[in-house]
Amino acid sequence: QEALDKGLEKTKEGFFTKITKAVVGKSTVDEEVLDNLEEILVTSDVGVTTTLKIIERIEDRVAKDKYVNTSELNGILREEIQALLAENNSDDFETFEYGNHKPYVIMVVGVNGVGKTTTIGKLAHKLKEAGNKVVLGAADTFRAAAVEQIKLWGERVGVRVVAQSMGSDPASVAFDTVQSAVANQEDVAIIDTAGRLHNKLALMNELTKIKNVMKKVVPGAPHEILLVLDASTGQNAIEQCKQFTQATDVNALALTKLDGTAKGGVVIGISDQFKIPVKYIGVGESINDLQLFNKKEFVNSLFK
Ligand code: GDP
């Protein structure tokens, strides 16, 4: 919770401090307070659709109760935001949900620069610390730097990395990774993929090919298709989410760089709009700065 509080500091300042100001001198939640609140939510990257939904729910409660004290507004807002966020099944990495899959295969997708490699490294570290055998697959064979970076993370964390030469077939790397994970009885295989988005059809084809090849080795794999998004890009992250969910069956999200941004509200908008659980959040650059998302803690941090 402490690391999370610190990570969300900027969002809190930019968002919830404003809310406190919006009700100064007001005793009840009236039209003007709601207008101010709407503006604050929109400018904090919650997104227009989700903001209107929240405002509408508060309006309903105000209408029902006739009189809502402004001091109650935080509590109401907190409840409504929490209701919009999808719950995560695991509380910590020790109780991480594998659904009895071994290896549990995570395919990681996302645009370059969002923090994909860092997230893979941090995740490998957390899962290893929790007692799992982890292997990484460097299937972003398009950039030499990507393969090198994954290898560096592998050394740093102390986990095996499967890589081929640059330009080789990403599906072949994915196949090798999953197959050797089975042979080595590893618990989790995390596969990096290329983050080019210039052509949706090409992206879709490549991801489908990687998926299909893994399925041949482990039925049901990949169990997790994790889309990494940079929270500090606000509405861009929402756009990327749209693109990737159209290209492949994303079923988990990682939101990075929450520490450096006031745009943490994007977590709420994305969760509501796409109905895909935010599973991990990045709250700093160091190896330990990855957390399993917990909506209660997240909301607690925002309203502290
Ligand atoms: P990739 O191109 O998507 O693989 O991106 P990288 O993993 O190389 O990350 C790009 C930059 O973002 C690096 O400088 C990382 O240290 C930084 N980064 C990644 N995650 C976080 C985070 O949660 N917080 C902060 N502050 N920086 C991060």
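Is Ala124 buried or exposed? The legends below work through this predicted model and return to that residue in the first view.

**View 1. Ala124 sits in helix α6.**
Ala124 is buried, and its relative accessible area is 0%. Buried here means under 20%, so a value of 0% puts Ala124 in that class. Look next at Lys216, which is 92 residues from Ala124 along the chain. The C-alpha atoms of these two residues are 24 Å apart. Helix α6 spans residues 116-129, and it returns in the next view.

**View 2. The ligand takes up the space of the largest pocket.**
A shell of 17 residues lies around the ligand. Nearest are Gly113, Thr117, Thr118, Asp259 and Glu285. Which helix gives the most to this shell? Helix α6 does, with four residues. Sorted by class, the shell holds three nonpolar, eight polar and six charged residues.

How much of the ligand does the protein cover? On its own, the ligand has 580 Å² of accessible area, and the protein covers 80% of that.

**View 3. Lys257 has a positive phi.**
Most residues other than glycine have a negative phi. Lys257 is not a glycine, yet its phi is about 60°. Where is this residue? Lys257 is in the loop between β6 (252-256) and α11 (266-274). Its relative accessible area is 33%, so Lys257 counts as partly exposed.

**View 4. Lys275 is another residue with a positive phi.**
The phi of Lys275 is near 55°, and Lys275 is not a glycine. Lys275 lies in the loop between α11 and β7 (278-282). Is Lys275 buried or exposed? Lys275 is exposed, with a relative accessible area of 58%. The cut-off for exposed is over 50%.

**View 5. A cis peptide bond joins Lys102 and Pro103.**
Most peptide bonds are trans. In the bond between Lys102 and Pro103, omega is about 0°. Pro103 lies in a loop. That loop runs between α5 (70-84) and β1 (104-109).

**View 6. The peptide bond from Ala221 to Pro222 is cis.**
What is omega here? For this bond, omega is near -5°. Pro222 is in the loop between α9 (200-217) and β5 (224-230).

**View 7. Gln243 belongs to helix α10.**
Helix α10 covers residues 235-247. Gln243 is partly exposed, with a relative accessible area of 23%. Lys200 is 43 residues from Gln243 along the chain. How far apart are their C-alpha atoms? The separation between Gln243 and Lys200 is 7.5 Å.

Methods: Residues are numbered from 1 along each chain as its sequence is written. This is a predicted model: local features need pLDDT of at least 70, side-chain atom pairs count only at pLDDT 80 or more; totals for chains, interfaces and linings use all residues. Side-chain values use heavy atoms; hydrogens and water are left out. Helices (H or I, at least four residues) and strands (E, at least two) are DSSP runs, numbered from the N terminus. Buried means under 20% relative accessible area, exposed over 50%, partly exposed in between (1.4 Å probe, protein chains only). A residue is near a molecule or strand if one of its heavy atoms lies within 4 Å of it. Accessible areas come from the Shrake-Rupley method with a 1.4 Å probe; for residues, only the protein chains shown count as cover. On a 1 Å grid over the protein atoms alone, a cavity is a set of points where a 1.4 Å probe fits but cannot get out, and a pocket is an open set with protein on both sides within 12 Å along at least five of seven lines; lining residues have an atom within 4 Å of a point. A molecule sits in a cavity or pocket if more than half of its atoms lie within 2 Å of its grid points. Ala, Val, Leu, Ile, Met, Phe, Trp, Tyr, Cys and Pro count as nonpolar, Asp, Glu, Lys and Arg as charged, and the others, Gly among them, as polar.
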